[in-house]
Amino acid sequence: MLSTEDNSLLTRVSKGTAMNNLFRRFWLPVLLAAELPTPDCPPVRVRVLDEELVAFRDTNGRVGLLDQRCPHRHANLFWGRNEDGGLRCVYHGWKFDVTGRCVDIPNAIEGESFKEKIHAFAAYPAVDNGGLIWAYLGPPELEPQLPHFDFAHVADNQRFVRKMLLPGNYLQIMEGDVDSSHVSFLHHAGVAPKGVMKIAGAASPYMVLNRQPHWEIENTDYGVRLAARRDAEPDTYYWRVNQWCMPSYAIIAAEAEALIHINIRVPVSDTETMYFRLWWHPERPLTELEVDELESGGVIMPDMIPGTFLTAENMRNDYLIDRSKQGSGASYTGIKSISAQDFAVQEDQGGPIMDRSLEHLVSSDAAIIAVRKRLLDATKALADGVEPPEAADGDLYRVRSLDTILPRDVPLAVGGRDLMTARV
Ligand code: FES
Ligand SMILES: [Fe+2]
């Protein structure tokens, strides 16, 4: 349970709030790289951290991310022409480069000199990395390092990327990632019917046999390591370890040789969240079968409404729940995709912003408590002038999750050390 004040601190992300300020200290993914596929391609809208922006890739391939309002009379630059090294407003032709500098004012005789005084209302650094476009929306003098995630250092064909726009506050959606307890229930049965991919843990008999794991929660220099330990055989334990990294990344437990996946939650507004989900293999390209299962199976990943980042199973249609499947035991929920099973319970937890002063936590919520504390501490420290140390060192993010069996007499820190270190 949280006080009402702490719940507000954690969940409110409009401009000027403490949490908005904290997120601005980190590079954040804001687009799929595929949304800006070529130089001079059409610009796209970006809504993030309570800002309305427009992104474009200029003639030289550089990405610009500008306030959507043209500084002249505030027409939306989204309608702009992306041409010859800049984005030109279609209302009166003013043009801006990726740094936000005004480079042409063609509709006034004083334009040649006046343009020197004009700058986009906001222009943020943006770069391609790992199939995503990342932006930094914080103070320029504090620009941090990109997090050196494993997935950003593999070839494109070793990675699958998906973006979704969800209703609901980022925190309650993200809390599902650090809630290993729910996997034994919510996602039980009805998983991976093609049998091509392993959804780590969801199909493990130990997850079902033991729904009350022993938790080992450890604060680390990158975030929180969340280890759930279950009895396996008489002399072994089944370990399932998620890595939560500041401020909103969760690398989900994955068996050796299985694809690894990471969930990234980026606040759009108090009640909307951008969700990037990536799968990758550190050593080899994804197989056709794996890509097919991720793209078209509709079980691991949800079907999308064509031309949007909205999921076909959604709140408005009750996530297409099939009560007969739920009743027959073919699926615990009756909801087809694993992602939509999560959305159904997370997008509405007493509303889009859960009132955590009314919840009743138990021992299986230990990981959630630890992550909230980490975020709260960082938010309060920043308000006191202490910058988040994680942002300064991208190498801290070279971590992996774990899903493995270890002898009972081998501590996780010893038996799992190499497996939990990224080698790419
Ligand atoms: S409003 Fe953009 S050029 Fe006039
Ligand atoms: Fe889940």
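In what sense do strand 2 and strand 3 pair, and over how many bridges? Strand 2 (residues 44-48) and strand 3 run antiparallel to each other, joined over five bridges. Strands here are DSSP runs of E with at least two residues, while helices are runs of H or I with at least four, both numbered from the N terminus; two strands pair if DSSP finds at least two bridges between them.

A quick word on ground rules. This is a predicted model, where local features need pLDDT of at least 70 and side-chain atom pairs count only at pLDDT 80 or more, while totals for chains, interfaces and linings use all residues. Residues are numbered from 1 along each chain as its sequence is written, chains are lettered from A and ligands numbered from 1 in the order in which they are written, and side-chain values use heavy atoms, with hydrogens and water left out.

Back to those strands. R45 has V54 of strand 3 as its bridge partner. The hairpin of strands 2 and 3 has two residues between the strands, and L49 takes a positive phi near 45° there. Strand 3 also pairs with strand 4 (residues 63-67), again antiparallel and over five bridges, with R57 opposite V63. This hairpin has five residues between its strands, and G61 takes a positive phi near 90°.

Now hop over to the iron ion (ligand 2). Its protein donors are H182 (NE2), H187 (NE2) and two OD atoms of D342, lying 2.0 to 2.6 Å from it. Donors are N, O and S atoms within 2.8 Å of the metal (3.2 Å for Na, K and Ca), and water is not among the atoms, so sites may look incomplete. Along the chain, the donors follow the spacing H-x4-H-x154-D. H182 sits in the loop between helix 4 (170-175) and helix 5 (205-209), and D342 in helix 8 (residues 338-346), so this pair, 160 residues apart, links distant parts of the chain. H182 is buried, at 14% relative accessible area, and D342 counts as buried at 14% too.

Finally, look for F149. Leaving aside neighbours within four places in sequence, its contacts (heavy atoms within 4.5 Å) include W134, Y249 and Y397.

Note on methods
Buried means under 20% relative accessible area, exposed over 50%, partly exposed in between (1.4 Å probe, protein chains only).
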